[in-house]
Amino acid sequence: MTFWRVTMRRSINLSKTYVIIGVMLALYGTILSNLLPLLPTNTVNTPIDLTSIFPLLSVAILSLSALLFSMPVVMLFVYDKNNGIFEYLLSTGLDQLDIFKGYVKASLLLAASLLTFVIVLNTVIGTFVGTSLTLLATVAILTFSIGVSVVFLVTVSMIAFSSLQKTRMGANQPLGVSIGIIPVFPALILPFIFPSYALIIDVSLAAIILLASIGLLLSIGKLILREKLLP
Amino acid sequence: MNAIPEEMTVLDALKYYAEIEGGDVDRVLDLLNLKELKDSKYNTLSQGQKKRVSIGKIFLRDRDLYLLDEPTSNVDPKVSKEIRDILIKLSKDKFVLYSSHNLYEAKEIGTYLILIKNGQLKFFDKVENVKMKHYRIGIKSLNDISRLLPEAKLENDYYVVTVDSPKMVAGIINDLVRGGAELAEVRELDNPLQELFEED
């Protein structure tokens, strides 16, 4: 079994709570996305077209579910660092970027597996309840791009900057998770305030997070230093 | 710090490292008598067992140089001896660089000594070349030898004499035996490494 596969398996075993919260949030997002067409007509008789806004709102929720689902990987990273596992791996000749890539890959694949599952589920349910295929495709693309970008952004940030992950009184405090929540948060609020710009807001956020992720990716060589993997 | 994923069984932990760096898990299980523990979770093991597993992972692959940081710290005397025996055996055909705060252990198993004090290299030579200003020799006898060694002080059943060189010990022993002493034990009371370490 490859390093990243073992890391994925260990992450899930280490912190099942985040995994469960991630799945629950993903299911909630899927339900929210497909809720309005199922409600009686009089409840959706509003000046705003909620049937198109709700699926777009679920983009942020599904992205956050992927973030929480992959959170155990960064927590495992700190656990392994403090336990001296990286120090030993480095002493065997493994490069720090190889270790880093293993954790990022595990994190992204965990997120991608949940996102793929919910996108398929959302599309199937959406088709069944009569949501337009264009809207479903838009939600699928936005969810995947924002979700994966946010997970990448948070994972790399929390690995590169140890201050984003404190261990106080034995409890790991993943402060860096706010880096993922803050940029996604406008996608939960702004579509209600500016309903006609809901799609533009989501696309803009996806672009910003994607650009930030690419920027981080380009500076990985400077951020991931050997000494940062030592206890 | 043992550098083992605590949630794994002993076998899984060794396999984890073997998958990353290669190596023979069965050989390690045999070498460190870990077969009985292989299905036990690492976090349920005693300190000594954990240390054995932790040391075991470095034997997954055959290496020319082994670097060990205090391998016998926090283990019981039995495990400590087992580890020392492995290191002595290993050092016959491999280079073993081994750090320790236990100067008696270092003297017992070390061939060369590297003394680092305040981040500075203070000494690098064979252990046998470490010289002391004075040597305190403890002599235990079954009969009273105070008249044969009037300068000796009695400390914990040992007649303690101080000499300038270990070469003087043979002469003292010969004189004692000729004088009727029934000697039970002769030992060096101080560790030369201790004096070396305490020097400014």
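## Helices α8 and α9 of chain A

The crossing of α8(A) and α9(A) is right-handed; that word applies when the near helix is turned clockwise from the far one by less than a right angle, and left-handed when anticlockwise. The structure is a predicted model: local features need pLDDT of at least 70, side-chain atom pairs count only at pLDDT 80 or more, and totals for chains, interfaces and linings use all residues. Residues are numbered from 1 along each chain as its sequence is written, while chains are lettered from A and ligands numbered from 1 in the order in which they are written.

Helix α8 spans residues 186–193 of chain A and helix α9 residues 198–218. Helices (H or I, at least four residues) and strands (E, at least two) are DSSP runs, numbered from the N terminus. The two axes come within 8 Å and cross at roughly 155°. Axes are lines fitted to C-alpha atoms, for helices over the stretch in contact, and angles run from 0 to 180 degrees between N-to-C directions. α8(A) and α9(A) are therefore roughly antiparallel (over 145 degrees; under 35 is roughly parallel, 65 to 115 roughly perpendicular, the rest oblique).

P186(A), A187(A), L190(A) and P191(A) of α8(A) meet A198(A), I201(A), D202(A) and L205(A) of α9(A). Contact requires C-beta atoms, placed from the backbone, within 7 Å. The contact residues of α8(A) with α9(A) divide into seven nonpolar, no polar and one charged. Nonpolar covers Ala, Val, Leu, Ile, Met, Phe, Trp, Tyr, Cys and Pro; charged covers Asp, Glu, Lys and Arg; the others, Gly among them, are polar.

## Helices α2 and α5 of chain A

Helix α2 (residues 16–33) and helix α5 (residues 96–129) of chain A have axes that come within 10 Å and cross at roughly 25°. That makes α2(A) roughly parallel to α5(A). The crossing is right-handed.

On the α2(A) side, the contact includes G22(A), A26(A) and G29(A). The contact of α2(A) with α5(A) has five nonpolar, six polar and no charged residues.

## The sheet of chain B

Four strands of chain B form an open sheet, ordered β6-β7-β5-β8, with antiparallel pairing. Strands pair if DSSP finds at least two bridges between them. β6 (153–155) and β8 (183–188) stand at the edges with a single partner strand each, so one side of each lacks a neighbour in the sheet.

β6(B) pairs with β7 (residues 158–163) over three bridges. L154(B) has Y159(B) in β7(B) as its bridge partner.

Technical notes
Two residues are in contact if their C-beta atoms, placed from the backbone, lie within 7 Å.
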